[in-house]
Amino acid sequence: MAYFGLCRDLKWYRKKKIREMLSKFPNEMKWKERENEDGKCVFYINDLRLCGLLKRNFGTNCYTKRIPKKFKNLSSNLLDEIIYWFNLGDGRFGTSTQMGKDGIVRTFNLRNVFTTSEQLILDLNEILLKSG
């Protein structure tokens, strides 16, 4: 059986967003959600077609993940969507407040991402630059 799985220690709002996205999948692509023994949320989709598509285009494991060229050439709005959804799974949103030399306090939005794939880091850097 081929399946696609996402296993993360997800906050409630991230789980909600992922559930909303999965609910838009076709009815024949049934998905399940459960907690594993570590208390992490696991989403499963048992679909051979989706599994094959993801393996061919996005890599077969955490070390070979990548973003295909056709996705890296999308509009900046769609690139922002890719970054947003990647952050939901493997990233962190936050803010940082710093005081400048001029004494003015500024707040910055932060997006940190994590991956073990060197190619994926290069691809994410490329789409971050392209998205503005």
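I began with R19, which at 31% relative accessibility counts as partly exposed, and I kept in mind throughout that this is a predicted model. I then looked for the partner of R19, and found that its side chain meets that of E33 in a salt bridge, with 2.7 Å from N to O. I noted that this pair links distant parts of the chain, since R19 lies in helix α1 (residues 12-22) and E33 in strand β2 (residues 31-35), 14 residues apart. I looked up E33 as well, and this residue is partly exposed, with a relative accessible area of 32%.

Next I turned to R49, which forms a salt bridge with D47, the closest N and O atoms being 2.7 Å apart. I wrote down that R49 is exposed, at a relative accessible area of 52%, whereas D47 counts as buried at 6% relative accessibility.

I went on to D123 and K72, whose side chains meet in a salt bridge at 2.9 Å, N to O. I recorded that this pair, too, links distant parts of the chain, with D123 in helix α5 (residues 118-131) and K72 in helix α3 (residues 69-72), 51 residues apart. I checked the accessibility of both partners: D123 counts as buried at 2%, and K72 counts as buried at 11%.

Last, I noted the total for the structure, which holds six salt bridges, among them R19 with E33, R49 with D47 and D123 with K72.

How values were computed
Residues numbered from 1 in each chain as written. Predicted model: local features only at pLDDT ≥ 70, side-chain atom pairs only at ≥ 80, totals over all residues. Heavy atoms only, no water. Salt bridge = Lys/Arg side-chain N within 4 Å of Asp/Glu carboxyl O. Helix = DSSP H or I, 4+ residues; strand = E, 2+ residues; numbered from the N terminus. Buried < 20%, exposed > 50% of the residue type's maximum accessible area, 1.4 Å probe, protein only.
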